[in-house]
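Here's a quick briefing to read alongside the model. Have the sequence and the 3D view open as you go.

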Amino acid sequence: MMIPENIRNQALSFLNEEGLEREFLEHICITNNDAKELINIILSSHRNPKRILEVGTFVGVSSVVLGLSIPQAHIVCVDPDLPTQAHVCLGSGNYYTNTSQTAFYFFKKLIKKLGIVEQITLHKGFFSCYPVQECIEKLASYGVNIQSYQIIGERICEQYGSFEIVFLDADHRKSSVYSDLTLIYSYIAPGGMIILHDAGSGYWGEQVISGTQEFLAQHSDITFYVQGEFGVLYKVG
């Protein structure tokens, strides 16, 4: 198996060559430690997962870590494919990029470069809900008309589910986390796993945990724990 950290660094180097600033990528993409931990969490419980859903793909760094670390799995990716510049208003802090290209422009180049085009299916749209109004207004300043984007999660789950693994790294706000989990729930295979990124400390960690706790209050067949920056939910088989 390829080393997850090496995959991640190879992806960042390529994306930097393609025009995305390294500092921006280091801040907004999965870290080396998280890449390693993500694969450890999956393979410690599922030795041979065949179908993975990733919600919140962006430029595909975590996607290629999953794909090259778990080559037998097909990965279904969902992301709105926003302009990369627009991510500054979605929680990327003070880190900017000057490119006007959308996320999938870079993602498609990345999976071609790493030779895993056939392993990944890419879908454009929001998963279970639109962003909050504050984000919609900020996105408009980048030329994003939210009405031109569809909510596609239910269709994607019906088409490709059930899933053994779901990696959820989309909107971290409480309401969105709850909405995403509620939709995903019916499409997790017995014994399947949902992994939420950025469930550790800090504001976004509190938001992710709060949305997860609201979901768990309605589902007694789900177990939950936090490991590093990841929240892990198991659906009891």
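The chain's accessible surface is about 10400 Å², and carbon and sulfur atoms own 47% of that (Shrake-Rupley method, 1.4 Å probe; for residues, only the protein chains shown count as cover). Bear in mind that this is a predicted model, where local features need pLDDT of at least 70, side-chain atom pairs count only at pLDDT 80 or more, and totals for chains, interfaces and linings use all residues. Residues are numbered from 1 along each chain as its sequence is written, and side-chain values use heavy atoms, with hydrogens and water left out.

**Overall build**

- You'll find nine helices and seven strands in the chain (DSSP runs numbered from the N terminus: helices are H or I with at least four residues, strands are E with at least two).
- The radius of gyration is 16 Å, close to the 18 Å from the globule rule for 237 residues, so the chain is as compact as a globular protein of that length (taken over C-alpha atoms; the rule is 2.2 Å times the number of residues to the power 0.38).
- Along the principal axes, the C-alpha atoms fill a box of roughly 45 × 40 × 35 Å.
- Buried residues make up 54% of the 237 (buried is under 20% relative accessible area, exposed over 50%, partly exposed in between, with a 1.4 Å probe and protein chains only).
- Of the contacts between residues at least 6 apart in sequence, 70% join residues at least 24 apart (contact means heavy atoms within 4.5 Å).

**Helix H3**

- H3 (residues 32-45) has 14 residues and reaches 21 Å from first C-alpha to last, close to the expected 20 Å (1.5 Å times one less than the number of residues).
- Its buried residues are Asp-34, Ala-35, Leu-38, Ile-39, Ile-41, Ile-42 and Leu-43.
- The cover over those H3 residues includes helices H1 (4-17) and H4 (61-69), plus strands E4 (163-168), E5 (188-197), E6 (222-227) and E7 (230-235).

**Helix H9**

- Buried in H9 are Gly-205, Gln-207, Val-208, Ile-209, Gly-211, Thr-212, Phe-215 and Leu-216.
- Helix H8 (174-185) is part of what covers them, as are E5, E6 and E7.

**Thr-84**

- Thr-84 sits in the loop between strand E2 (74-79) and helix H5 (103-113).
- Thr-84 is buried, at 0% relative accessible area.
- Leaving out residues up to four places away in sequence, Thr-84 touches residues including Leu-20, Phe-24, Phe-58, Val-59 and Phe-106.
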